[in-house]
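Good morning, colleagues. I would like to take a few minutes to go through one structure with you.

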Amino acid sequence: MERRRRAARGYWREYLSVSPFFLVFVAFSVIPLGYAVYLTTQKWDGLGPSEFVGWGQWERFFEQGDFWPAMWNTILIFLMGQVPVVIGALIAAVVLSRPRLRGRGFYQSAFFLPQVTSLVAITVVFQSFFSGRFGFVNVIAHYLGLPVVDWLNSPWGTRIVIALMIFWRGFGYFLVLFMAGLSAIDRSLYEAARLDGAGGARIFWSITVPLLRPTLLFVILTGTISGLQIFTEPQLLFSGQSGPDKAGLTMMLLQYQYLGGPGSQAGYSPVPTDLGYATVIGWAIFILLLVIALFNYRFLRKPVTV
């Protein structure tokens, strides 16, 4: 035992060289995680003294029920925005990856541009486009003889606008990822399949999709995690409020409200500030995302066969 201790002391320089990483990891990951567990036992507005409530915040979480409408809204917006953007980006990537296509770089840059555009600017554009009386969408609908919709003051209109913002902003990002994955597939496989008489659909399902599985796994995992943490779009559209009939209230926005975030224009929080309850909501979101991520990983990690 003494010999091992002397040997360990002999490597102190190596231990010292890697210690900054572990110090940062403990300071910014382990300690905040432990503090988040502690906060779930407290009722605290962030200013006065905190009150120990034990499991009271978790009982409130299940009895109060304001989390479930927020979760339902998040899932609806996710299905309307995040799922179509992944499918659309995959189809567009296949089309843009054709060898004879000209101007591929231009299309890539044009589609990726919304990803680097300020979300505040995107929100302003969407607010003007979907404005009730003078919005561009309603003007076009009026000329076409279609009914005018008050998009931002109706529950389903609100969800559709948020979903379109997610689609428009995320399309280019997923497109670039899929095109990078497609470029790694051996082109001779496509040529051999065409010589055997395979059509476009057969080639897509038998060659492209199986060999693109690692990229698909990454896109679906990251897309699911980011899609179920929708926050910025409704927060900017409704200044931290919940929108008409709480149609814009997502899980992350609900946690933000309990953290005391009032929004830039509202000036007040729609719910009383309670950091303990906000932490419980955060843990619920984490558990939900973990379960979905594990399910996606288990479903998509099957071996590739062509």
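This is a predicted model: local features need pLDDT of at least 70, side-chain atom pairs count only at pLDDT 80 or more; totals for chains, interfaces and linings use all residues.

**A surface patch, a helix pair and an enclosed helix**

Phenylalanine 22 is partly exposed, with a relative accessible area of 49%. Why is phenylalanine 21 classed as exposed? Its relative accessible area is 55%, and the class of exposed residues begins over 50%.

Both side chains belong to a nonpolar patch on the surface, made up of Val18, Phe21, Phe22, Phe25, Val26, Val30 and Ile31. Together these residues have about 660 Å² of accessible area. As for position in the fold, the C-alpha atom of phenylalanine 22 is separated by 27 Å from that of phenylalanine 218, which is 196 residues away along the chain.

Let me turn to a pair of helices. Packing of two helices is described by the angle and the distance between their axes. Helix α4, residues 67–96, packs against helix α8, residues 155–183, at an angle of about 35 degrees, and the axes are 7 Å apart. The crossing of α4 past α8 is right-handed. The contact between α4 and α8 comprises 24 nonpolar, 5 polar and 1 charged residues.

Finally, which residues of α13 are buried? They are Met251, Leu253, Leu254, Gln255, Gln257 and Tyr258. Helix α13 covers residues 251–258, and because 6 of its 8 residues are buried, α13 is largely enclosed by the rest of the structure. Just after α13, glycine 260 adopts a positive phi of about 95 degrees.

Methods. Residues are numbered from 1 along each chain as its sequence is written. Side-chain values use heavy atoms; hydrogens and water are left out. Axes are lines fitted to C-alpha atoms, for helices over the stretch in contact, and angles run from 0 to 180 degrees between N-to-C directions. Helices (H or I, at least four residues) and strands (E, at least two) are DSSP runs, numbered from the N terminus. A crossing is left-handed if the near helix is turned anticlockwise from the far one by less than a right angle, and right-handed if clockwise. Ala, Val, Leu, Ile, Met, Phe, Trp, Tyr, Cys and Pro count as nonpolar, Asp, Glu, Lys and Arg as charged, and the others, Gly among them, as polar. Buried means under 20% relative accessible area, exposed over 50%, partly exposed in between (1.4 Å probe, protein chains only). Patches are made of residues with over 30% relative accessible area and no salt bridge: like charges are joined within 9 Å, nonpolar side chains (Val, Leu, Ile, Met, Phe, Trp, Tyr) within 5 Å. Accessible areas come from the Shrake-Rupley method with a 1.4 Å probe; for residues, only the protein chains shown count as cover. A salt bridge is a side-chain nitrogen of Lys or Arg within 4 Å of a carboxyl oxygen of Asp or Glu.
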